[in-house]
Amino acid sequence: MGNNIAFQPMGKTYQANATTTSQTILVQSDISCNQLMVASHENTAGTGKPVYFRVSTDSNVTITAPSAGNPQYAMAIPPGQVRVFTVPTQFTTSGLYIAFITEGSTAECYFTPGEGL
């Protein structure tokens, strides 16, 4: 569980190139952990579109960007931000699947499993 210490990586960092099409990657940790540090690197001259992502045990997980009147199961990372999220199930050496998408153009996003603030 998360605590009040600095973020401690507990696995490799994975790069994802988000587009307007749902994509999925498998993120594995070295030991069990419940948090995910996400960094969004806007590489499209600051167009300001967030990356939406969803964490699942299901390899077929997909995501749709939410819109007015169309809510989705998604967490958002604004462009140029780094945030730590607590996820609904533990990362393990077997991994969890992350589906991700952006509203327009492309954005680089980085996912690191771990614990802390």
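Colleague: Happy to look at this one with you! How many aromatic pairs does a search of the whole structure find?

Modeller: Glad to have you here; bear in mind that this is a predicted model. When the whole structure is searched, the number of aromatic pairs comes to three.

Colleague: How are the rings of Phe53 and Phe85 arranged: stacked, tilted or edge-to-face?

Modeller: A pair of aromatic rings is described by the distance of the centres and the angle of the planes. For Phe53 and Phe85 the centres are 5.0 Å apart and the planes stand at 85°. Planes over 60 degrees apart fall in one class, so this pair is edge-to-face.

Colleague: How many residues apart in sequence are the parts that Phe53 and Phe85 tie together?

Modeller: Phe53 belongs to strand β5, while Phe85 belongs to strand β7. The pair therefore ties together parts whose separation in sequence is 32 residues.

Colleague: Which strands hold Phe100 and Phe111?

Modeller: The two residues are eleven residues apart in sequence, and their pair ties those parts together. Phe100 is buried at 1% relative accessibility, and Phe111 is buried at 0%. Phe100 lies in β8 and Phe111 in β9.

Colleague: Let's turn to the nonpolar core. How many residues does the largest nonpolar core have?

Modeller: Those with the most contacts inside the core are Leu36, Phe53, Phe91, Ile98 and Phe111. Elements that give two or more residues to it include β4 (33–41), β5 (51–56) and β9 (107–115). The residue count of this largest core is 22.

Colleague: Apart from it lies another core; how many residues does that have?

Modeller: Among its members are Tyr52, Val61, Ala65 and Ile101. This other core consists of six residues.

Colleague: What separates the C-alpha atoms of Ala65 and Ile101?

Modeller: Ala65 sits in the loop between β5 and β6 (75–77). Leaving out residues up to four places away in sequence, Ala65 touches Tyr52, Gln72, Ile101 and Glu103. Although Ala65 and Ile101 are 36 residues apart along the chain, their C-alpha atoms are separated by 6.7 Å.

Colleague: Which residue in β8 does Val51 stand opposite?

Modeller: β5 and β8 pair in the antiparallel sense over six bridges. Val51 has as its opposite residue in β8 Thr102.

Colleague: Last one: is Phe7 buried or exposed?

Modeller: Phe7 is found in the segment before β1 (8–9). Its contacts beyond four places in sequence include Met37, Val84 and Leu117. With 14% relative accessibility, Phe7 counts as buried.

Note on methods
Residues numbered from 1 in each chain as written. Predicted model: local features only at pLDDT ≥ 70, side-chain atom pairs only at ≥ 80, totals over all residues. Heavy atoms only, no water. Core = buried A, V, L, I, M, F, W, Y, C linked by side-chain atoms within 4.5 Å. Buried < 20%, exposed > 50% of the residue type's maximum accessible area, 1.4 Å probe, protein only. Helix = DSSP H or I, 4+ residues; strand = E, 2+ residues; numbered from the N terminus. Phe/Tyr/Trp six-rings, centres within 6.5 Å; stacked < 30°, edge-to-face > 60°. Contact = heavy atoms within 4.5 Å. Pairing = 2+ DSSP bridges.
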